[in-house]
Amino acid sequence: MFADRVLSGMRPTGSLHLGHYHGVLKNWLTLQQKYECLFFVADWHALTTHYDAPEIIEQNTWNMVIDWLAAGVDPSQATLFIQSKVPAHAELYLLLSMITPLGWLERVPTYKDQQEKLTEKDLSTYGFLGYPLLQSADILIYRANLVPVGEDQAPHLEFTREISRRFNHIFGKEPGFEEKASQAIKKLGSKKSRLYRELRNRYQEHGDENALAEARSLLEEQQSLNTGDRERLFGYLEGGGRIILSEPETLLTKASKMPGLDGQKMSKSYGNTIGLREDADSVRKKIRTMPTDPARIRRSDPGDPAKCPVWQFHLLYSPDEVRDWVQQGCTTAGIGCLECKQPVIESILAEQAPILERARMYEEDPALMRNIVADGCEKANRLAEETMRDVREALGLSYL
Ligand code: TRP
Ligand code: SF4
């Protein structure tokens with residue numbers, strides 16, 4: 001019904017590292033070429049967990065936008081904006097809250113998980129409970145149908161789909177719709193009308209997509225139904241008469257293959273990262289001091305790349321000849337570890353060079369970036385308004 005539109009957001013809670021680049025950002029670069037893309041800084045989401053440190057938000061926001069642009073997000077292809085500069089997100093969040101069962105929010109797995117994990121913070125707040133609902137508003141307000149997120153966010157997308165269905169179910173009906181739909185069901189005959197109702201329940205109560213498909217094909221086979229009734233029964237299947245908020249699809253982002261300095265996955269919480277824009281001396285130092293196969297105590301001890309975090313970097317960055325050289329040199333003590341690390345250092349610096357180059361442009365002239373974001377916010381506000389008009393009307397709020 002609507003054209004493809006991609007939306008994704010990131011919380012400005014710290015600076016980005018190469019793990020983000022190889023996971024999220026490179027994926028964005030591919031998407032921006034294919035689809036209309038909206039990428040935003042989720043500053044309100046950052047405050048749900050960092051409400052005790054509001055001073056970090058602004059700095060992190062601008063840094064993150066520079067990181068995106070530096071990584072190659074292209075403002076002529078994608079729209080970049082800041083959540084809090086599109087206040088309609090908050091309006092939709094509020095309106096959705098009217099129909100959001102508390103139990104749905106309490107059952108989102110990240111709610112309890114994060115509370116247990118981040119024990120140093122008091123997350124028994126209304127704002128934190130509402131986190132997935134705010135995310136739903138972010139998505140639904142643009143009628144975005146494609147949302148690239150990591151596995152950890154999949155429950156929030158599922159939640160968003162349920163909220164949109166519930167919203168359409170409650171607010172999307174034409175007057176007398178239920179009655180007309182009931183009449184139309186009767187025309188299916190007793191056996192098929194029972195089946196139709198059963199399939200509809202399975203879909204609406206449990207989100208069973210198979211039941212939806214089965215019910216649709218049941219309707220398609222009914223030659224005797226007139227067009228009006230047929231449309232009504234298709235609409236009734238999915239909840240109401242009209243689809244005001246469309247259901248988004250998850251575009252699962254593959255987990256980044258970027259190893260950390262210690263061989264675990266690269267992550268801020270492990271303290272094993274290399275910054276996207278980390279300066280060259282610091283990169284050299286980090287790689288030179290990173291651990292290797294513990295069996296190589298002396299230069300003359302042979303090693304095993306499989307037991308060495310440096311090898312993970314060669315798998316990501318090095319061509320076959322270099323890998324062969326490592327295998328051969330390491331297992332025969334033919335090369336030293338510093339020597340082995342040198343091509344990795346060079347590959348990382350080469351990867352960062354164009355990123356740093358682009359970043360410099362924005363660092364030297366921040367107005368350039370601020371203008372990009374101002375344009376993005378303006379466009380986002382316009383798109384959000386299109387949906388909000390329909391939403392306000394459906395809720396009886398379109399007076400004055
Ligand atoms: N919760 C997401 C995260 O932590 C960030 C986010 C906020 C988001 N709103 C969104 C992602 C909307 C996709 C779509 O990564
Ligand atoms: Fe690791 Fe390379 Fe040293 Fe072997 S030679 S232990 S692969 S750093």
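Helices in this talk are DSSP runs of H or I with at least four residues, strands are runs of E with at least two, and both are numbered from the N terminus. By that rule, Ala333 belongs to the loop that links α16 and α17.

The model is a predicted one, in which local features need pLDDT of at least 70 and side-chain atom pairs count only at pLDDT 80 or more, while totals for chains, interfaces and linings use all residues. Residues are numbered from 1 along each chain as its sequence is written, chains are lettered from A and ligands numbered from 1 in the order in which they are written, and side-chain values use heavy atoms, with hydrogens and water left out.

Let me begin with the overall fold. The protein has 18 helices and five strands. Along the principal axes, its C-alpha atoms fill a box of roughly 85 × 50 × 40 Å. I call a residue buried under 20% relative accessible area, exposed over 50% and partly exposed in between, using a 1.4 Å probe and protein chains only. On that scale, 47% of the 400 residues count as buried. A contact means heavy atoms within 4.5 Å. Of the contacts between residues at least 6 apart in sequence, 77% join residues at least 24 apart.

I turn now to ligand 2. This ligand sits in the largest cavity. Here a cavity is a set of points, on a 1 Å grid over the protein atoms alone, where a 1.4 Å probe fits but cannot get out; a molecule sits in one if more than half of its atoms lie within 2 Å of its grid points. Which residues are around ligand 2? They are Thr292, Asp293, Arg296, Cys308, Val310, Val326, Cys330, Cys337 and Cys340, where being near requires a heavy atom within 4 Å of the molecule. Helices α16, residues 320-331, and α17, residues 337-364, are the elements that give two or more residues to this shell. By class, the shell has six nonpolar, one polar and two charged residues. In that count Ala, Val, Leu, Ile, Met, Phe, Trp, Tyr, Cys and Pro are nonpolar, Asp, Glu, Lys and Arg are charged, and the others, Gly among them, are polar.

Trp325 is partly exposed, at a relative accessible area of 34%. Setting aside residues up to four places away in sequence, Trp325 touches Ile335, Glu339, Cys340 and Pro343. Cys340, one of the residues around ligand 2, is 15 residues from Trp325 in sequence and 8.8 Å from it in space, C-alpha to C-alpha.

Back, then, to Ala333 in the loop between α16 and α17. Its phi is near 60 degrees, a positive value in a residue other than glycine. Is Ala333 buried or exposed? Ala333 counts as buried because its relative accessible area is 14%. Leu400 likewise has a phi near 60 degrees, positive in a residue other than glycine, and lies in the segment after α18, residues 366-394.

Next come the positions that carry a database record. An unreviewed UniProt entry lists Asp138 under "binding site"; UniProt positions are given in the numbering used here, feature names are shortened, and annotations may be inferred rather than shown by experiment. Asp138 is in helix α8, residues 131-140. With a relative accessible area of 2%, Asp138 is buried. Apart from residues up to four places away in sequence, Asp138 touches Leu7, Phe40, His45, Gln83 and His89.

The unreviewed entry in UniProt also lists residues 12-20 as "short sequence motif: 'HIGH' region". Over that stretch the chain is 33% helix and 0% strand, with the end C-alpha atoms 13 Å apart. Ser267 touches His17, Asn272 and Thr273, again not counting residues up to four places away in sequence. Ser267 itself is in the loop between β5, residues 249-252, and α14, residues 280-288, and is buried at a relative accessible area of 14%.

I close with two separations across the model. Gln204, in helix α11, residues 190-206, is 143 residues from Thr61 in sequence and 39 Å from it in space, C-alpha to C-alpha. Gln204 is partly exposed, with a relative accessible area of 23%. Ala353, in helix α17, is partly exposed at 41% relative accessibility.

Terms used: On a 1 Å grid over the protein atoms alone, a cavity is a set of points where a 1.4 Å probe fits but cannot get out, and a pocket is an open set with protein on both sides within 12 Å along at least five of seven lines; lining residues have an atom within 4 Å of a point.
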